[in-house]
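Hi,

Here is the structure I promised to pass on. My notes on what turned up follow below it.

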Amino acid sequence: MSRLAVVCGGSRGIGRAVSHLLAQRGCRLAVVSRNKDAARTAVASLHGGNCDVSKEEEVQKTFETIQKTSGNISYLVNAAGINRDALLLRTKQEEMVALLHTNLLGTMLTCRAALRSMLRTEGAAIVNIGSVVGLKGNAGQCAYSASKSGLEGFTRSLAKEVASRHIRVNLVAPGFIRTNMTAGMKDADGAPSIPLGRFGEPEDVAQAVLFLLESPYITGQVLVVDGGLQLAM
Ligand code: NDP
């Protein structure tokens, strides 16, 4: 049977591009996001779940359903994420909590929910989506950046924890990618600082995700996909 891939945040943007690429590679897809209909229609997925990744019970139930109906999970991609740009002095506690809960806790919960199933599959792999901002920091994004830096530590630690069970865990750190998240930005705002001279497309990130999922001897690594932006930060 073909591999089962779960893509959290697969209803649009980067997650949607990853879902399409994995479907092209012959994977069976379970797409998870808060909006059930968007998740279902993003790609011809087996499971379009309305699941908020920051809610433990919803995550548990969703992953149980996926495994019951579709079998063991080979690949997990964590692309569910939110962003709120504001200086720290203007960031409310509930905004900090929402960012940490969705971006960091959400990834921990989905990884935990998928692991037992992944132990039973050969070549199982997880890719989490971080950000160059998590590696380099950015004024006006303290809380977002903290959530993404946390993902780096989490990814490396989990990679060590499950390596003996042959599950690989890696992180992709995108720069500016053209999705809903950057919809308010014009090329003039960011592109001049990018050595390759353009914003990335979701498909640029999807290729890197696919590479890490399919590379049998890479684990605990961070792959930056930013058109060289990090070089200039
Ligand atoms: P989009 O806003 O286009 O997509 C975000 C996805 O996450 C949607 O599918 C959304 O679906 C889902 N999502 C959001 N919150 C939750 C939640 N609580 N539970 C389940 N699903 C959720 O953003 P991008 O595609 O740009 O972002 C994808 C990832 O890439 C994020 O982690 C983001 O931080 C990261 N990233 C993006 C960059 C960019 O420039 N675009 C740069 C660096 C990193 P729904 O609303 O239906 O829940």
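Helix α3 covers residues 56–70, so that its 15 residues reach 21 Å from the first C-alpha to the last, close to the 21 Å expected at 1.5 Å a residue (the expected span is 1.5 Å times one less than the number of residues). Helices here are DSSP runs of H or I with at least four residues, and strands are runs of E with at least two, numbered from the N terminus. Please keep in mind that this is a predicted model: local features need pLDDT of at least 70, side-chain atom pairs count only at pLDDT 80 or more, and totals for chains, interfaces and linings use all residues. Residues are numbered from 1 along each chain as its sequence is written.

Which residues of α3 are buried? They are V59, T62, F63 and I66. These cover an arc of only 95° around the axis, which puts them on the same side of α3 (the arc is that of the directions from the helix axis to the C-beta atoms). The face turned away from that buried side carries the exposed residues E57, E64, K68 and T69. By "buried" I mean that 20 or more other C-beta atoms lie within 10 Å of the residue's own, by "exposed" 12 or fewer, and by "partly exposed" anything in between, with C-beta atoms placed from the backbone. After α3 comes G71, with a positive phi near 100°.

Now to the interior. In soluble globular proteins, nonpolar side chains tend to be buried together. The largest nonpolar core has 64 residues, and V6, V7, V18, V77, V172 and V209 touch the most other members. α4 gives the largest share of this core, nine residues. A core here is a set of buried Ala, Val, Leu, Ile, Met, Phe, Trp, Tyr and Cys residues joined through C-beta atoms within 7 Å.

Of the 31 residues around the ligand, G9, G13, R34, N35 and G81 come nearest (a residue counts if its C-beta atom, placed from the backbone, lies within 6 Å). Helices α1 (13–24) and α4 (93–119) each supply at least two residues of this shell.

Two more spots are worth a look. H166 sits in the loop between α6 (142–162) and β6 (168–174), and its phi is positive, near 65°, although it is not a glycine. H166 is partly exposed, with 15 other C-beta atoms within 10 Å. G153 lies in helix α6 and counts as exposed, with 12 C-beta neighbours inside 10 Å.

Happy browsing!
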